[in-house]
Amino acid sequence: MKFGAFAAAAAVVLTACGSTGTTPGSTQEQPPTATMKPQTSIGAGEGQLNLVLWDGYADKSWADPFTAATGCKLNLHPAGSSDEMVSLMKDGGGGQWDMVSASGDADLRLIYGGDVKPMNTDLIPDWQNFDNYFKGPPYNTINGIHYGISLQWGPNTLLYNKKKFPNKPTSWQVIYDSANSGLITVPDNPIQIADAALYLSKTQPSLGIKDPYELTQKQFDATVALLKQQRPLIKKYWGLATDEISLFKNGDVQVGAAWPYQTIQLKAAGAPVDDTIPSEGATGWADTWMLATKATHPNCAYMWAKWVSTPKVQAMQALSFGETPVNSKACAEMEAQQAGSCHQYHADETGAAYFDTIKFWKTPLADCGNGSKTCIPYATWVTAWTSIKG
Amino acid sequence: MSSVETVRRPRPKGGGAAGAQSLFWRVSWLRPLVLLTPPVGWFVVIYLAALVTLLITAFWTIDPFTTQIVQSWNLDNFRIIITDSTYWSIIGRTVGIATLVTATDAVLAFPFAYFMARVATRRVQTLLFAAVLLPLWASYLARVYAWILILNHSGVLNWSLQSIGLPPANIGYTNTAMWLVFSYIWLPFMIIPVYAALERVPESLMEASADLGARRWQTLRDVVLPLAAPGVVAGSIFTFSLTLGDYITPILVGGASSTFIGNVVYANVGIANNIPFAAALSMVPLGIMAVYLFIAYRLGAFEAL
């Protein structure tokens, strides 16, 4: 029965010894599939590939040439949320799904659920061209083992109306300021707690917040208190990117947390807005193609991972979604397809200095990453988010 | 009871179907068994089994590290709901708005249904019926989004207010907006049962009331209203329970403090993967509806359905 499998997976997690790798990624308890050896070569395609993905992540413009080249027919299941992805991938994809384009807030849930297995980056030639950060980011690489191939990313920016704020705001303080009461919007997502934690890590250094996703009880309480103070100032917690766009367009809000996508859409519609990454830095999201533990079409899966990592496809997807590619060679392709887009999407940013300002989404776990189990896990974040919104 | 009916029926002659018929004739309990097994089976397996599973799950918890279900019996989920004031305010808000919506719909529906049942000609009646039911043909989401276009900052409402020189009304993304939208969306579910109840009031009673010297409003108060009350209660079951269980309208037109019970259930199933807590919380509207239906039953609402 299902629950039996859960218990077994949980037991594996709890009994596995923490290894002490020095490779990139995070050093934590060993996930249940860590000992599964990834394949060392890509064999003949199986003719099929079943994907759980964000809507449009296999757009015809790059999916059709893939099928033509490899003979792998794509069967797509677009998911509406990270949580839907996690539930579809339960039990290693159940033999039904081969890959998932998971976001950082879902990754560790999939990895520690035993739903995805290690991948061999040697089989993806373009992996060498990835920006160093995305070769082994902490949300998909644990103890040096890669549980997927990074795809695209984007920062969570501060979006503001230029009429209300003639001078570019330099701090996230504007969304906690009672002077802007009733004009603020933030995403309706428990992971938003990390944004407040990041702000506090700079404004209240005495709390000692190092990583906004690894919060002790004291740090967590302070963050929740800040968000509860913020609630009366909020006009609306937005759910869909399009909701935020209409809130700004109709003048219901003047400032808020957003993605570059909203800014680009609003500017295209002639709205007087701009976005910025304030001095405290920002959180960000990043997607990863992950391989289901029970994938039945692994060769087609590797061919797909290889295909979407190429500069051309990376650039196409970036422009179609307003995302930033992880392949550093995609910049030239982006410029060729749409001049100026490389800089617009921050795809020309390289090096640790820039990525240090972006704290990428990862699932909060009880494990603080230093062996202690005193951090607040994601389930508690969700409960706290309910009480914040009241 | 059924055997008596069978006796009265003429006996069929010949053919395969007749073989089955004569079997039903000889074994009197067979026909009700065959007829009732599918619906009762459906009811037990699909409906009751789901409820029982829900009830059992509510007493489990999840492991906070792996978020897997731990099957150990405890009352933790219920303890959290009772001790955390957040859930009280969410339940209070949900029940409060559901009550307000029900009252609003009853007040709006009664004169409309009265006109439809007792005043309008046959032709006008048909037209009004179509008008009441027409919105139900359009998507729920489209109708809610239409209200967003009306109520938002630069929407139709503020535009109209501005053009007659009044200050803008900032009711977009508030609980007021939720009340308006819910009242609009569920109104047909109140009008139809009230109409059905009013139509069944015999003309003779009203004539008798008039003959005995009652004025029109006295007849309305002492004859029509009491007879229509079960219809209003029946309609209120729909408007109340539909509002109580909704979670889409709060997401779309609600503001910063517009969380409903349904939203918390949704967040716990979808985001937190905490199905036991979601199950425990969904016991609350289940309990509220059980009490409500019992009261409605005592008021005779089920005769008007």
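Modeller: The chat below goes through domains, chain contact, a sheet and helix packing.
Modeller: This is a predicted model, in which local features need pLDDT of at least 70, side-chain atom pairs count only at pLDDT 80 or more, and totals for chains, interfaces and linings use all residues. Residues are numbered from 1 along each chain as its sequence is written, and chains are lettered from A and ligands numbered from 1 in the order in which they are written.

Colleague: Into which domains is chain A divided?
Modeller: Chain A has domain 1 (24-33 + 45-153 + 286-352) and domain 2 (155-283 + 372-389); such bounds come from an automatic or database domain assignment. Taken over C-alpha atoms, the centres of domain 1 and domain 2 of chain A are separated by 27 Å.

Colleague: And how many residues does each domain of chain A give to the contact?
Modeller: Domain 1 of chain A gives four residues and domain 2 of chain A gives four residues, where two residues are in contact if their C-beta atoms, placed from the backbone, lie within 7 Å. On the side of domain 1 of chain A that touches domain 2 of chain A, there are two nonpolar, one polar and one charged residues. Here Ala, Val, Leu, Ile, Met, Phe, Trp, Tyr, Cys and Pro count as nonpolar, Asp, Glu, Lys and Arg as charged, and the others, Gly among them, as polar.

Colleague: What about chain B: how far apart are the C-alpha centres of its domains?
Modeller: Chain B is divided into domain 1 (2-57) and domain 2 (81-303), and their C-alpha centres lie 38 Å apart.

Colleague: How many residues of chain B are in contact with chain A?
Modeller: On chain B, 31 residues are in contact with 28 residues of chain A. Two or more residues on that side of chain B come from each of α5 (85-119) and α13 (261-270) of chain B. Helices (H or I, at least four residues) and strands (E, at least two) are DSSP runs, numbered from the N terminus. The most is given by α13(B), with four residues. The side of chain B that touches chain A has 11 nonpolar, 18 polar and two charged residues.

Colleague: Now the sheet. What is the order of its five strands in chain A?
Modeller: The order is β10-β9-β11-β8-β12 (chain A), in an open sheet with mixed pairing; two strands pair if DSSP finds at least two bridges between them.

Colleague: Why is one side of β10 and of β12 of chain A left without a neighbour in the sheet?
Modeller: β10 (234-238) and β12 (273-276) of chain A stand at the edges and each has a single partner strand, so one side of each has no neighbour in the sheet. Direction ignored, neighbouring strands of this sheet are turned by 25° against each other on average.

Colleague: Which helix packs on that sheet?
Modeller: Helix α9 (residues 260-268) of chain A packs on the sheet and touches β8 (157-161), β11 and β12 of chain A. The direction of α9 of chain A makes about 160° with that of β12(A). Axes are lines fitted to C-alpha atoms, for helices over the stretch in contact, and angles run from 0 to 180 degrees between N-to-C directions.

Colleague: Which way do β9 and β11 of chain A run?
Modeller: Strand β9 (residues 184-187) and strand β11 (residues 255-258) of chain A run parallel and are joined by two bridges. In β11(A), A:Val255 is the bridge partner of A:Ile184.

Colleague: On to chain B. At what angle do α11 and α14 pack?
Modeller: Helix α11 (residues 216-245) and helix α14 (residues 275-298) of chain B pack at about 175°, with their axes 11 Å apart. These two helices of chain B are therefore roughly antiparallel. Angles under 35 degrees count as roughly parallel, over 145 as roughly antiparallel, 65 to 115 as roughly perpendicular and the rest as oblique.

Colleague: What classes of residue make up the contact of α11(B) with α14(B)?
Modeller: That contact has 10 nonpolar, two polar and no charged residues. Among the residues that meet are B:Phe240 in α11(B) and B:Tyr292 in α14(B).
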